[in-house]
Amino acid sequence: MKNKGSYPSEVYLNGEWMPPQEATVSVFDRGFMFGDGIYEVTPFYRGKPFHLQEHLERLRYCLAQIKIPFDITILEPLMFEALSRAGLTEKDAAVYIQISRGTAPRTHYFPDDIKPTFLMYAFPVQLENFQQKRWKVLVSEDFRWQRCDIKSTALLANTMSNEEAITGGYDENLLVREGCFTEGSHSTAFFVVDGMIYTRPEGPLILSGITRKVVLEICRDLGISYEEVAFPVVRVSEVDEIFLTGTTTQITTVGSLHYEGEEIFRSQKGEITARLQEEFERRTRK
Ligand code: PMP
């Protein structure tokens, strides 16, 4: 069954806190018209931010890539305020930030001198027991654009893919472009073959996941070998373990992988995933 989700009790919109039903933007907001905006999701483990600076740096990068002028130094204190207003300072939660280019008469080119529309809110997240999950994952064609490094709110290709997965009884997608896995619809993918981890190198075809960075840091610290290389679908029969990572996905085991109705992978071992999960948990709960 689909999880319906829920609204937060308050949101911060363009400088003010308000209930979501009062938070409205113009129909000429470019976020509404074009998906002309970016977003970021930062986790807080029992009130403590996890790799906050990396999330802010990715936000800064994305704003710069699409040339939205915005002073990100205001964000950090507001994120803590969002948590505190939502009563989440002792709970596991995340802060959602969205910045669109703003409102102006509709043109394809970027209008000069408009004020970005800025939205933020905190929401509770279940960040426990991720080690127990075994996701059933659908292999789908990656038909997204070629700037997946930009965390754009224009997520139609991701949402169409994930809709197919969820209605088909799957938990997530693994996307494939030109014979190689790219990433999930909202997660990064890792493959383990004979003790070696493979993950796609950063670049325009994937989002530079913050959890991905954390996992690679853990690999270096624990002496687990990895290679940043695109993993071909035809090698899936050699794979021992697959896991997906993300801010809310954390490190989730792929239990099985399905392509055109056929199971093409079933998780056998899980030793490396388990070692990474254990260390990840330790670092998030420090
Ligand atoms: N790829 C995509 C397409 C995503 O939406 C996400 C989730 N933000 C990720 C990867 C994982 O990124 P992160 O670890 O920073 O949450």
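## The ligand shell

By class, the residues around the ligand comprise two nonpolar, eleven polar and four charged ones; here Ala, Val, Leu, Ile, Met, Phe, Trp, Tyr, Cys and Pro count as nonpolar, Asp, Glu, Lys and Arg as charged, and the others, Gly among them, as polar. This is a predicted model, in which local features need pLDDT of at least 70 and side-chain atom pairs count only at pLDDT 80 or more, while totals for chains, interfaces and linings use all residues. Residues are numbered from 1 along each chain as its sequence is written, and side-chain values use heavy atoms, with hydrogens and water left out.

Of the 17 residues around the ligand, the nearest are Arg58, Lys151, Glu183, Thr211 and Thr247; a residue is near if one of its heavy atoms lies within 4 Å. Strand S9 (180-184), helix H5 (210-222) and strand S14 (241-246) each give the shell at least two residues. Helices (H or I, at least four residues) and strands (E, at least two) are DSSP runs, numbered from the N terminus.

## Polar contacts and cover

Let's look at the polar contacts, pairs of N or O atoms within 3.5 Å. Glu183 places a polar side-chain atom 2.6 Å from a nitrogen atom of the ligand, and Lys151 has one 2.7 Å from a ligand nitrogen atom. Ile210 takes part through its backbone, with an N or O atom 2.8 Å from an oxygen atom of the ligand. On its own the ligand has 380 Å² of accessible area, and the protein covers 92% of it (Shrake-Rupley method, 1.4 Å probe).

## The six-stranded sheet

Now to an open sheet of six strands, in the order S2-S1-S6-S5-S3-S4 with antiparallel pairing; two strands pair if DSSP finds at least two bridges between them. Strands S2 (16-18) and S4 (48-49) are at the edges with a single partner strand each, so one side of each has no neighbour in the sheet.

Within this sheet, S3 (residues 37-45) and S5 (residues 93-100) run antiparallel, joined by eight bridges, and Pro43 stands opposite Ala94 in S5. Helix H3 (residues 75-85) packs on the sheet and touches S1 (11-13), S2, S3, S4, S5 and S6 (117-124), where contact means heavy atoms within 4.5 Å. The direction of H3 makes about 45 degrees with that of S6; axes are lines fitted to C-alpha atoms, for helices over the stretch in contact, and angles run from 0 to 180 degrees between N-to-C directions.

## A hairpin and a parallel pair

Strands S10 (residues 188-193) and S11 (residues 196-199) run antiparallel with four bridges, and Val192 has Ile197 as its bridge partner in S11. Their hairpin has two residues between the strands, and Asp194 there takes a positive phi near 45 degrees.

S11 also pairs with S12 (residues 226-228), in the parallel sense over three bridges. Glu228 in S12 is the bridge partner of Thr199.

Technical notes: A polar contact is a pair of N or O atoms within 3.5 Å; within protein, one must be able to donate a hydrogen and the other to accept it, and residues adjacent in sequence count only if both atoms are side-chain atoms.
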